[in-house]
Amino acid sequence: MRLRDEALCRRYYYWTERQRLRFDDALRILSEREFFISEERIMAIVRRMVREGRDNSLKPVPKVKMPRLTNDQLSLFPEL
């Protein structure tokens, strides 16, 4: 498990910092193509590794479940 977690963090860093993907896109790739575990589990592993201080270059970002837009803001986009 420790080796998997370290590899996952290296790949998270690669996708977010080297390839400059948004973190949610990186999570999707890690979840669906590379490690086959849920995005929530991936973020839990990354957060734990950061909290334990194993890798200072990681910056976990929470997945936004719902956009914070008001009706006034949405009205600016009539095609939606």
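The questions below take the labels one at a time and set each value against its definition.

Me: What kind of model is this, and how are its residues numbered?

Reply: This is a predicted model, in which local features need pLDDT of at least 70 and side-chain atom pairs count only at pLDDT 80 or more, while totals for chains, interfaces and linings use all residues. Residues are numbered from 1 along each chain as its sequence is written, and side-chain values use heavy atoms, with hydrogens and water left out.

Me: How many helices and strands does the protein have?

Reply: The protein has four helices and zero strands, and from the N terminus on its elements run α-α-α-α. These names rest on DSSP runs numbered from the N terminus, where a helix is a run of H or I with at least four residues and a strand is a run of E with at least two.

Me: What makes H1 roughly perpendicular to H3?

Reply: Helix H1 (residues 2-18) and helix H3 (residues 39-51) pack at an angle of about 95°, with their axes 10 Å apart. Axes are lines fitted to C-alpha atoms, for helices over the stretch in contact, and the angle between N-to-C directions runs from 0 to 180 degrees. Angles under 35 degrees count as roughly parallel, over 145 as roughly antiparallel, 65 to 115 as roughly perpendicular and the rest as oblique, so H1 is called roughly perpendicular to H3.

Me: Which residues make the contact of H1 with H3?

Reply: From H1 they are Arg4, Asp5, Glu6, Leu8, Cys9 and Tyr12, and from H3 they are Arg41, Ile42, Met43, Ile45, Val46, Arg48 and Met49, where contact means heavy atoms within 4.5 Å. They divide into eight nonpolar, no polar and five charged residues; here Ala, Val, Leu, Ile, Met, Phe, Trp, Tyr, Cys and Pro count as nonpolar, Asp, Glu, Lys and Arg as charged, and the others, Gly among them, as polar.

Me: Why is Met43 called buried?

Reply: Buried means under 20% relative accessible area, exposed means over 50%, and partly exposed lies in between (1.4 Å probe, protein chains only). Met43, which lies in helix H3, has 4% relative accessibility and therefore counts as buried.

Me: What makes Ser31 buried, and which residues is Ser31 in contact with?

Reply: Ser31, in helix H2, has 14% relative accessibility, so Ser31 counts as buried. Leaving aside its neighbours within four places in sequence, Ser31 is in contact with Phe36, Ile37, Ser38, Glu39 and Ile42. The buried residues of H2 also include Leu27 and Leu30, and what covers the buried residues of H2 includes H1 and H3.

Me: Which residues have the most contacts inside the largest nonpolar core?

Reply: They are Leu8, Tyr12, Leu27, Leu30, Ile37, Ile42 and Val46, in a core of 16 residues. H1, helix H2 (23-34) and H3 each supply at least two residues of this core. The term stands for a set of buried Ala, Val, Leu, Ile, Met, Phe, Trp, Tyr and Cys residues joined through side-chain atoms within 4.5 Å.

Me: Why is Phe36 called exposed?

Reply: Phe36 is found in the loop between H2 and H3, and its 60% relative accessibility is the reason why Phe36 counts as exposed. Phi of Phe36 is near 55°, a positive value in a residue other than glycine.

Me: How do you know that Arg11 and Glu34 meet in a salt bridge?

Reply: A salt bridge is a side-chain nitrogen of Lys or Arg within 4 Å of a carboxyl oxygen of Asp or Glu, and for Arg11 and Glu34 the N to O distance is 2.9 Å. Arg11 lies in helix H1 and Glu34 in helix H2, so the pair ties together parts that are 23 residues apart in sequence. Glu52 likewise forms a salt bridge with Arg48, the closest N and O atoms being 3.8 Å apart, and Arg4, Asp5, Arg48 and Glu52 are linked in a network of salt bridges. By this rule the count comes to nine salt bridges.
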